[in-house]
Each structure stands twice: as C-alpha cells, then as structure tokens.
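Q: I would like to learn how to read the features of a structure like this one. Could we take them one at a time?

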Amino acid sequence: MPSVMASLSAGLIILFLACGDAFSDERKDYGLCLDCHAGIEKIGVMHDFPCTSCHIRAELRGGAISSHDKIVRNPSDPSLVRDFCLPCHRREIDALERSIHATVAGIINQTRFLWGAQKAVYPYEYGLSGTLKMLPDPSGSAAQPYSPERLVDDFLRRRCLRCHINTMGEQAAGLYRATGCASCHVLYANDGLYAGDDLAVKKDKTGYPITHRFTSKIPVIQCLHCHNHNHVGTDYVGLFEKDYHKSYRVPSAEGTKSPLIYGLQYHQLSKDVHYDRGLWCTDCHGKEDVMADAAKKSCTSCHRPAEESSGESTEDFVTKAGQRLRASAFSRMSAAHSVDSHQRVRCSACHAQWSFQDYGLSVIREDIVDAYKWRDISIQGEPAAQRIIEENSENPLMIYPVSRDWVSGEIRAGLWSSGWRFRRWEPMPIGVDRDGKYAVLRPMYQYILSFVGGNGYVILDGVVPTRGDGSSAGWAFLPYTPHTVSPFGRNCDSCHENRIAAGQGIYDGEGLDTSLTMPSPPVNGAGRLLDPEERKKLMEPSMSYLRKRLKALAGEPYTPVAPLK
Amino acid sequence: MKRLITGLVLALLGAVIIFKEAGLKRPAALVREGCLSCHSSVTDPDPSHPIQAFGCFRCHLGNPYSYDKERAHYGMAQNPGDLRVVEHTCGTEACHPQIISRVKKGLMATNRSILETIQANWPSRASISYGTPAARVADLLSDKPPSNLALDHYRKMCAGCHLWKPRKDYDGEAGLRGGGCSDCHVTQQEISSKDGFNTFRHPEITTRIPSENCIKCHNRSARIGLSYSGRWESEGYGTPYEGAELSSRKLSGNRFYLDLPSDVHFSKASMECVDCHTSVGLMGDGKEYNSISAQVDITCESCHMPMLSRLEEDENLGRRLLRLNRRIPDPAGGKIAFTVKGTPVYNLQEKGGKLIFFRKSDGLPVEVPRGSAEKPHHVMEGHERLSCQSCHSLWIPQCYGCHVSYDESAKQTDWLTGEKTRGRWSEARSLMRFSRPSLGMRASAKVYPVAPCQVFFKSESFSLLTLSAFDPHTTSAKSRQCKDCHGDPKTIGLGEGILTRKEDEWSFRSSFSFNTEETRPDFLFDSFVTLDGKALHGNARDGTRPFNDTELNRILDVNPCLGCHKSYRDPIYKDFSASVRRFREGGDLPCLQ
C-alpha cells in the first residue's frame with residue numbers, strides 16, 4: 001500500500017512537472033516569455049499574437065506576471081477554451097462540444113446499456129460535454145456497488161475514458177497528447193519529446209509537443225495517440241494488439257527488449273491500401289466529420305464507377321501531406337460489382353483484409369488484490385495499471401490498489417484488470433448495419449464481470465450483464481468499417497457457403513470457447529444480425545450465384561494455370 | 001576396582017544387546033526376506049507381481065538378510081523401473097530382458113528425434129564454439145558427455161521429459177515425469193501408506209496405462225495429448241476469472257487451456273492413448289529410430305481398414321497382452337487386427353463380420369466404422385497421396401515465431417544434472433493459433449497437416465524455418481470440404497489473406513506485413529510457400545515441405561469448378577484434364593450458359 005501511494009504521488013509530481021515548471025520569483029516578470037523561451041517557434045501564421053494573448057488570462061494581462069503558475073499552458077483546454085479561442089472559433093467550439101469526440105457518447109451509452117444501466121443506447125442520454133447529462137460520478141455514492149449497472153460508470157471512467165479530449169490520459173509512449181483543440185492540432189511525437197528550438201524546454205523531458213505549432217495538417221500518428229488498441233485507427237496502419245502474457249514480449253531483431261507503444265506491443269498486419277498510398281486519416285475524415293459529426297465521406301465520394309465517368313479521368317486531388325493522387329475508378333461490370341444483391345453490401349465487407357475480433361472480455365475490479373496472480377499478464381495496454389501490478393507482483397501480501405478516474409482525475413480504491421478468451425483477425429462475420437447494408441461485425445464486447453470488494457468478498461463472480469431493456473445478455477457484435485482496405489476484394493467463398501461469415505461460428509459444439517465466435521445481436525439502432533432467410537441465401541447458393549462465381553474465378557473462357565498431365 | 005568397572009561395563013553392554021535384540025521385531029513364521037519383517041503388510045503392485053511369490057528383493061534389491069534398516073536398505077532401488085538399475089530388476093533374464101533393451105533404444109529413452117533435429121542446423125550457423133554431437137540421452141549422462149550449444153539448449157529447455165529422468169526430483173508435474181518403466185506403468189495414485197507403521201500400499205503397476213501418464217509429458221510442442229481431449233493451450237489470459245482467481249483450467253507452468261472440439265475417438269468412446277498406441281509403437285521394436293513416425297506403428301487403417309488375422313494359440317505376444325489386460329475377452333479363434341509392423345492389436349476383434357473395439361481400461365465394446373476403400377472420396381484420382389489426417393483433422397495447435405535468446409552471463413538449471421550452469425535460454429512467441437491445419441508434403445510423400453517451427457535465434461541472428469508434419473489428434477468423423485483445400489490460401493500454405501483471380505492469374509495478398517523489427521525483412525508468419533511455388537519453409541530433417549508450384553496449380557485448378565461440382569462422384573473428375581479441355585473449348589456446357 002505505501003508503495004502504491006508512493007508511486008501515485010510520484011506520478012502526480014511528474015504530471016505537475018510536465019504541466020510546466022512550477023516556480024515563482026517575486027522580482028521577475030514572467031510575462032517576458034521570450035527572455036527564457038528564446039528560439040521558440042511561432043505558433044503559426046493564423047495565430048500571430050503575442051504570447052500573452054493566449055497564455056495569460058485577460059484579467060492579468062497588462063501588468064507584470066509574478067509567478068509562472070499564472071501562465072496558462074494550454075489555452076485550448078476545455079476549461080479555458082471559451083476564454084481564449086471562443087471569440088474567433090465560436091462555431092467550431094459549439095459544434096465540437098456536442099460532437100462524439102467531446103461527448104464520447106457512443107462508448108458511454110452503449111456500455112451503460114449493455115451493463116443494464118440504461119434502457120436504450122439511442123438517443124444518447126449521457127456524455128462528457130455538450131447538452132448530454134454528465135456521466136454519473138460513482139465516488140459520491142456510499143452504497144457498495146453490487147451489480148453491473150452500478151459498476152459501469154466506474155469501469156468507463158477508469159478503464160475506457162482515458163482517451164477523452166477534456167482530460168489528459170496516460171503519459172507513455174504513443175499516448176502523449178494535449179487536451180482540447182490542441183489534442184489534435186498540436187502534434188506530439190510517440191516519445192513525447194520536444195524537438196524545437198526553445199531553449200527553456202528540456203529535450204529529454206517527455207510530455208511536450210514536437211514543436212510549438214498549431215496546425216490543421218494532422219498526420220496519422222496524431223490520431224493514433226487516442227485511436228489505438230484494437231480500434232479503428234491502428235488497423236489503418238496494420239497494427240493489431242499482441243497478447244498480454246509476458247511470453248509474447250518478443251525481443252527486437254537485435255535481441256534487445258522491444259519497447260511498448262500505446263502500452264503494449266503490436267502485430268504488424270497488412271496495411272490499408274490508402275495508408276500505403278500516403279493518405280492520412282484527415283484526408284477522408286475532414287473537419288466537419290471530425291469536429292461536428294457531419295459530412296462524412298464514403299468510398300464513392302472519391303472512387304467513381306468507370307462507366308459513369310465515361311472515359312473522362314477522375315479528378316486529381318492533393319492529399320494533406322501534399323501528394324497529388326488520383327482515385328482509381330472501379331467497374332460496375334465486374335463479377336462482384338454487377339450482382340444485384342451486392343448493391344446493399346458495404347465496400348468494406350469485401351475489401352477488408354482483416355478485422356478486430358476480440359472474443360470474450362473478462363473484466364474484474366479488485367479493491368484488494370493479490371498482484372502475484374497478474375505477474376505474467378501485467379501488461380494490458382494500460383501503463384498506469386501495469387505499474388501498480390509490477391510494483392507489487394513479488395509482494396506476498398494482498399494490497400489495496402488505487403487507480404485514477406480519467407474523467408475527474410480523482411484517485412479511488414480499486415483496480416480494473418481485464419483479459420480476453422482469444423483475439424483474432426481472420427474471422428469476418430457479416431451483419432447488417434444501421435443503413436441496411438451488409439457489413440463486417442466485430443464483438444464489442446462479450447463481457448464477463450467480476451468484482452472483489454475491499455474486504456476480499458467476491459461480490460460479482462463472472463457475471464454476464466443483462467441489457468438495459470432486459471432483452472438479452474449484454475453481449476453485442478457491431479457492424480463496422482474495418483480500415484484494412486485491399487485494392488481487390490476477398491473471394492466469393494469468404495462469405496458464400498462460409499459458416500463464419502453466416503454467423504454460425506468456427507465450429508459446432510455447445511459450451512466450447514469457440515462458440516464465442518457466434519455473433520450476438522447488435523444493440524437496437526445499430527443494425528442487426530443476418531436473418532434466417534439471408535443466412536440461407538448465403539449458405540445455400542443459387543444457380544445464378546454459382547455462375548457468377550465461375551465467371552469471377554475462371555473468366556471467359558477459363559484457362560487453367562498449368563495444363564494437367 | 002578396575003575389574004569391577006570392566007565387569008559392570010560388560011554387564012551393561014550385555015544388557016543393552018539383549019534388550020535391543022528383544023526389542024527387534026522378528027517375524028513369527030519363517031519368511032524368505034528380512035524386508036517383510038518391517039514391511040509386513042504390503043499390498044501387491046498387481047496380480048503379475050504378487051509379493052507373496054516375489055518378495056521385495058527381486059525388484060527392489062538391497063540386503064534381504066538384514067533386519068537392520070540401514071543395512072537392509074543398502075543398495076536398494078526405490079524405483080526398480082529406473083533405467084540405471086533396470087538390468088538388475090525388471091530386466092533380469094527371468095523377467096523382461098527383451099523389453100528393456102527395446103525401451104532403451106526407443107525414442108522416449110533416447111530423445112533421438114529431438115537431439116538430431118536441434119543439432120542439425122546449429123553447427124554452421126552459431127558462432128559459439130560447437131562441439132561433438134550427441135545421439136541419445138545416455139550419451140549426455142556419460143562421464144564425458146558431448147557438448148555444444150544446441151545441447152546446452154536441449155539440457156535446459158527440453159531434457160525434462162525422457163525415461164532416464166529420475167522421478168520425484170522436482171515438485172509438481174516435472175516430478176511425475178521420468179522413472180524408466182515406472183514412468184508409464186506405475187499409476188499416479190497417491191501412496192497412502194502410513195495407516196499404521198506396517199501397512200504399505202504399493203504403487204500400482206499396470207499395462208492399462210491411464211492417459212494422464214502420457215499427458216504429463218505430451219502437453220507441449222505438438223501438444224497432441226491436450227488436443228486429443230479438446231484442450232488448447234491458450235494465450236495465457238486465464239479467463240474467465242473464477243472468484244478472485246484466474247481460471248482453473250490450468251496446465252503446468254502457469255499455462256491455461258481453452259475447450260475446443262475434441263478428437264472423435266475421445267468424444268465418442270473416451271478412448272485412452274494406449275487404446276491405439278501399441279507396445280511396439282511406444283517401447284520400440286529394438287531398432288533405434290530417429291523420428292516418431294518411424295517408431296509408431298499404429299495407423300488409422302490398422303483399425304478402420306484392418307489387416308485381420310486369426311490369433312493362433314501359439315501367438316505369444318497377443319495372448320500375453322490379453323492375459324495382462326484381463327478386461328478384454330479372448331477372441332477364441334476369432335480374428336484380431338495387426339499393425340503394419342505386425343504388432344497384434346488384440347483389442348480390435350472381428351465378431352460376426354463386425355469390427356469390435358474393446359477399451360483397454362474396462363473392456364467396453366465399441367463398434368468401429370469400417371473405412372471403405374471403395375468409396376469414391378477415398379479412391380479419387382489425384383487423391384492417392386492424401387493421408388487420412390489431411391481431411392479428417394479439424395484443427396492443429398500452431399505456434400508462430402519462436403524467439404530464442406541466450407544470455408551467457410546468467411545461469412539456468414540443467415535438467416540432466418539438476419545443477420545451475422552458465423548460459424540461460426528464454427523463449428518468446430509471436431502468436432498462437434488453433435485454426436484449420438495447413439497441409440504440406442510429409443517425407444513419406446503423403447499430404448499431411450503441418451505446423452510451423454520458426455526459430456529466430458536472437459543472440460546469433462539466424463532463423464530456422466521448418467514445417468513439422470504430424471497427426472494433430474483432432475480427428476473429426478466429418479471431413480473437411482473440397483474448398484477447404486482447393487481454395488483456402490491458409491490450407492495450401494500461402495497463409496491467411498486474400499486469394500483471388502485477377503486477369504486470369506491467381507493473386508494473393510497476405511494478412512501480414514513484413515516486420516523487420518521482430519523477425520526479418522522477407523518473412524510473413526504463415527506463408528510457407530509463395531504462389532509460384534517458392535518454398536519459404538523447408539529443410540526439415542525428414543524432408544517435410546510445403547506444396548510446390550505443380551502441386552499448387554493442380555490444387556487451385558479445381559477451384560473454379562467446386563461451386564457446382566462438389567461431389568466426388570461428379571463425372572467431371574473422372575478425367576479432369578479432359579473436362580478442363582471441354583470447358584475451355586466452350587460449347588454447350590451448362591456452366592457457360
């Protein structure tokens with residue numbers, strides 16, 4: 001226990017240090033920034049203001065600044081943004097505060113619904129900003145949480161919401177970032193080190209942006225500071241989380257210990273073709289999409305059917321990185337594209353090379369823990385939790401761990417740990433999304449919950465939560481768009497007459513772990529599983545399908561690669 | 001005075017001697033061995049070795065003429081099955097002399113297959129000085145053992161599972177392994193001796209060997225002991241949690257397992273390992289083999305397409321095994337099966353035209369479905385080289401990327417000596433899978449399920465990429481479908497990814513990218529071969545290899561037809577080349593309409 005407190009207070013000190021050297025000197029005017037910060041970059045042509053306009057509150061401007069503490073480190077932080085940025089950016093800020101990037105309403109309402117804490121996902125009820133109700137803070141409640149619906153807010157706050165632009169998240173490789181506008185518009189390197197010319201900033205101290213610049217040219221690496229783990233984002237660059245167990249900590253090619261990124265090591269899978277061509281996330285996900293949940297692009301926004309462009313070339317476009325590219329046209333006449341029923345299939349359902357299939361998520365909150373049992377699985381993609389486990393895993397005594405609420409910043413008793421049954425990228429079950437189109441499904445998630453109270457009593461022992469509307473277990477598969485696009489689609493057999501695609505799981509057999517590969521329905525409003533009719537159509541091919549298949553594989557006329565005998 | 005003292009001392013001495021002698025427990029009646037004066041009540045290890053007839057000395061040695069514990073136990077063999085003493089115990093002329101010479105040449109005692117494999121590629125690659133190779137475990141136990149880097153790896157990472165290893169030298173599962181004959185033939189029941197000083201429950205000897213005796217060793221590497229009962233060593237999450245603990249589905253070494261479909265022989269009939277595996281396959285036939293496939297003599301056909309023959313009165317081995325088993329009925333002039341090496345499979349008998357299999361553990365009869373050589377799917381032209389396993393194995397444990405590090409400065413326990421010596425090995429893995437098996441060509445020129453062995457030796461920067469062909473023991477009555485082989489890139493060795501036809505050419509895009517940081521710049525974990533037939537894995541000692549370009553093309557040529565022509569009986573397969581010609585020439589074929 002003392003060591004936990006020590007480590008946490010050490011962490012807090014580091015955090016404070018990272019937030020600017022706290023010092024003050026009565027004789028000095030800290031408003032004369034460039035006396036110390038000689039060489040610092042100009043923030044950008046659009047913000048050509050004196051330092052104090054952005055870093056000193058209006059009421060303090062004009063006089064001498066007696067302490068460095070009075071200096072605002074990040075004027076775009078949600079707590080300050082209305083004082084500093086609002087006069088120029090009212091429209092953006094208003095929209096952003098209501099957007100999913102600020103409210104995180106998707107994760108919140110979906111998880112609360114699956115754990116039985118609310119009756120429906122839509123319309124969103126809770127969020128972290130905007131007009132939604134604030135996610136309840138469990139710390140005020142005196143009652144011991146004894147059911148999933150009373151644990152969900154704590155789980156969300158301590159395990160999920162570290163990626164949230166209103167507050168800082170973890171400070172570790174890949175995860176360094178700012179808050180508010182700066183969380184996207186000020187670029188951080190994965191090592192969190194400053195690479196500019198400001199003489200006052202140490203070059204070996206983590207937690208700094210690359211340079212003191214504000215930009216709208218946002219590269220992939222910046223988005224990945226939050227969109228990591230097995231979520232859309234990492235898939236675009238071909239990353240898939242490795243397993244937690246220490247036997248998967250592969251040393252580098254030179255035999256040295258390989259570093260963790262985003263709290264874990266990653267598999268290098270096939271990248272999205274758009275990434276290979278040099279496209280950034282922001283080339284497709286523009287301002288209105290990212291900051292206002294509007295004007296989303298689709299594949300056909302860029303890729304037009306060759307037949308419609310009637311010989312004229314599609315227009316060139318310049319990427320955010322400054323490359324001139326031309327989107328390839330596709331043929332409506334190809335075997336796959338010409339199928340009538342395929343008009344309702346998402347491009348990604350065929351063009352995805354792989355997907356996130358994380359089966360069976362066991363989560364446990366322990367208010368008293370024998371850290372020894374976690375010794376081999378301390379690395380769970382959560383650097384803070386990892387530190388607590390590793391500092392205590394050789395300790396024969398039970399400890400009372402504490403961990404951070406990422407939303408309020410508060411430290412509370414208890415530590416969340418998690419593990420999977422197995423994680424795969426190969427299976428791609430098919431379902432129907434909210435627009436009625438066929439899309440790849442991913443489990444999100446198959447929760448099994450446990451809770452050990454401070455006195456050591458097991459209050460929840462491997463409980464499967466029930467959805468808030470009581471309809472079924474709180475396990476869901478959701479349709480999504482894997483960002484693992486291949487220039488050519490998967491073959492017919494990857495869906496047709498394919499039991500995994502049809503939602504029948506990898507193997508027959510009740511009670512086996514592999515039955516987790518059988519999808520459970522998405523939450524209401526997010527789509528549905530295939531109905532029996534659709535499943536039958538997929539599994540019992542029609543004559544017209546078989547002709548198409550032959551055409552796709554054999555062309556006309558068919559030429560075998562090697563003549564036989 | 002002096003005399004008095006001497007007298008007193010002598011008298012005292014006499015009294016002590018008389019008292020001690022009187023105190024010694026002596027048998028009431030005459031017995032042959034002194035052992036039984038203390039161990040007066042010992043249960044029989046089994047009906048073939050009754051203590052009344054055998055006594056103790058014959059097996060356990062020591063000094064049977066002494067009534068003193070120290071002297072009586074001098075030179076005693078607590079475990080007569082230990083290969084170091086077995087010539088004087090189990091293997092004496094009157095008992096089992098041939099068997100112990102076979103066992104000592106068998107793979108479980110020599111580990112020859114492991115030793116040859118591990119030493120095959122290292123000498124030319126490793127810069128650390130390479131000494132003389134060893135052929136068998138016994139070489140390493142000699143006074144001047146051969147020594148090289150690969151052997152150091154063997155000693156520290158592999159040498160915990162062989163018959164020379166003494167029993168009970170470690171806690172847990174490791175302590176159950178080893179012990180010569182006893183390794184397999186002594187059941188693992190708790191020795192509940194001490195109810196009263198004299199009662200001793202003798203460990204039970206049996207030929208009805210319970211599978212737990214096999215699985216205590218056969219749960220790593222190919223992991224067939226686990227797969228057979230539907231257990232797969234998981235990625236180690238220990239989920240779902242039970243109370244405040246991790247899952248109780250535990251294996252030794254803080255490993256965990258998941259439940260997968262089990263082998264049909266297990267799910268249908270709860271067959272034990274020895275129900276199939278014969279004495280010759282397990283203990284050897286007197287020849288020293290260097291691969292498991294050469295020593296094992298049971299095959300699927302031994303039971304499902306058996307060579308049946310009458311068990312003659314003078315057929316020694318079959319009769320003896322039957323008598324030892326005591327659960328299986330005598331075929332009484334009926335026919336039994338024999339393996340390819342001629343070992344009697346006495347528990348498979350023909351009765352009234354039916355094939356009846358009897359479980360060795362309890363004699364329960366089970367009717368065996370007769371494999372039909374004449375069924376079209378078993379005689380199809382082009383499928384001559386398929387092993388049963390290639391279609392009937394549902395899954396295979398696969399371990400991708402074995403990253404071996406060697407730290408010269410640290411120490412690690414040598415399993416053979418029990419001492420910590422210089423140099424520590426550690427292994428990390430990239431990923432594990434249980435998915436459908438890839439297929440390749442086994443040395444015997446049979447199509448077989450294969451699993452990769454991908455060693456990346458970090459300290460020496462070399463890698464060894466081989467394929468290992470083995471029966472995964474995940475037999476399914478229902479076979480895999482045609483398309484599982486004739487169109488699935490994973491199965492034919494290309495790896496997971498997209499296999500499609502583009503501009504009349506097959507095209508493949510792997511789900512992996514190159515990862516120079518972790519492996520090497522030209523390596524994708526599950527790509528054993530490229531589409532044009534370039535082998536990326538190979539040089540296995542037994543010649544197991546991925547398919548070559550001719551084979552790949554022939555496999556894929558069938559793919560377009562498989563949408564409609566799914567049946568083995570389909571006439572287009574009678575002469576497939578002719579069918580392809582007809583198709584190419586077009587005409588009035590229904591598929592071209």
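Q: What is the area buried between chain B and chain A?
A: The size of an interface is often given as the accessible area lost when the parts come together. Buried area here is the accessible area, taken with a 1.4 Å probe, that two parts lose on being put together, summed over both. In this predicted model, chain B and chain A bury about 6,900 Å² between them, and carbon and sulfur atoms give 55% of that. On the side of chain B, the residues that lose the most area to chain A are B:Tyr237, B:Tyr241 and B:Arg509, together 12% of what that side buries.

Q: What rules apply to the numbering and to the values?
A: Residues are numbered from 1 along each chain as its sequence is written, while chains are lettered from A and ligands numbered from 1 in the order in which they are written. The model is predicted, so local features need pLDDT of at least 70 and side-chain atom pairs count only at pLDDT 80 or more, while totals for chains, interfaces and linings use all residues; side-chain values use heavy atoms, with hydrogens and water left out.

Q: How many residues does each chain bring to the contact?
A: Contact means heavy atoms within 4.5 Å. Chain A brings 82 residues and chain B brings 72 residues.

Q: How many salt bridges and polar contacts are there between chain B and chain A?
A: A salt bridge is a side-chain nitrogen of Lys or Arg within 4 Å of a carboxyl oxygen of Asp or Glu. There are 7 salt bridges between chain B and chain A. In one salt bridge, the side chain of B:Lys483 meets that of A:Asp493 at 3.4 Å, N to O. A polar contact is a pair of N or O atoms within 3.5 Å; within protein, one must be able to donate a hydrogen and the other to accept it, and residues adjacent in sequence count only if both atoms are side-chain atoms. The two chains have 27 residue pairs in polar contact, both residues at pLDDT 80 or more.

Q: Which elements give two or more residues to the side of chain B that touches chain A?
A: Helices (H or I, at least four residues) and strands (E, at least two) are DSSP runs, numbered from the N terminus. Among the elements of chain B that do so are strand S11 (398-413), strand S12 (420-433) and helix H25 (549-557). S12(B) gives the most, with 6 residues.

Q: How do S11(B) and S12(B) pair?
A: Two strands pair if DSSP finds at least two bridges between them. S11(B) and S12(B) are joined by 12 bridges in the antiparallel sense, with B:Gln398 opposite B:Arg433 in S12(B). Their hairpin has 6 residues between the strands, and B:Gly418 takes a positive phi near 80° there. S11(B) also runs parallel to strand S14 (residues 447-457) of chain B, over 3 bridges. In that pairing, B:His403 stands opposite B:Phe456 in S14(B).

Q: Which backbone angles deserve a look?
A: Most residues other than glycine have a negative phi, and most peptide bonds are trans. B:Lys168 has a positive phi, near 60°, and lies in the loop between helix H11 (149-158) and helix H12 (172-176) of chain B. The peptide bond from B:Thr239 to B:Pro240 is cis, with omega near -10°; B:Pro240 is in the loop between S3 and S4 of chain B. In chain A, the bond from A:Met444 to A:Tyr445 is also cis, with omega near -10°, and A:Tyr445 belongs to strand S12 (residues 438-452).

Q: Is B:Lys168 buried or exposed?
A: Buried means under 20% relative accessible area, exposed over 50%, and partly exposed in between (1.4 Å probe, protein chains only). B:Lys168 counts as exposed because its relative accessibility is 59%.

Q: What parts does the salt bridge of B:Arg136 and B:Glu288 tie together?
A: The two side chains meet at 2.7 Å, N to O. B:Arg136 lies in the loop between helix H9 (122-125) and helix H10 (137-140) of chain B, and B:Glu288 in the loop between helix H18 (279-283) and helix H19 (292-295), so the pair ties together parts that are 152 residues apart in sequence. B:Arg136 is partly exposed at 27%, and B:Glu288 is partly exposed at 30%.
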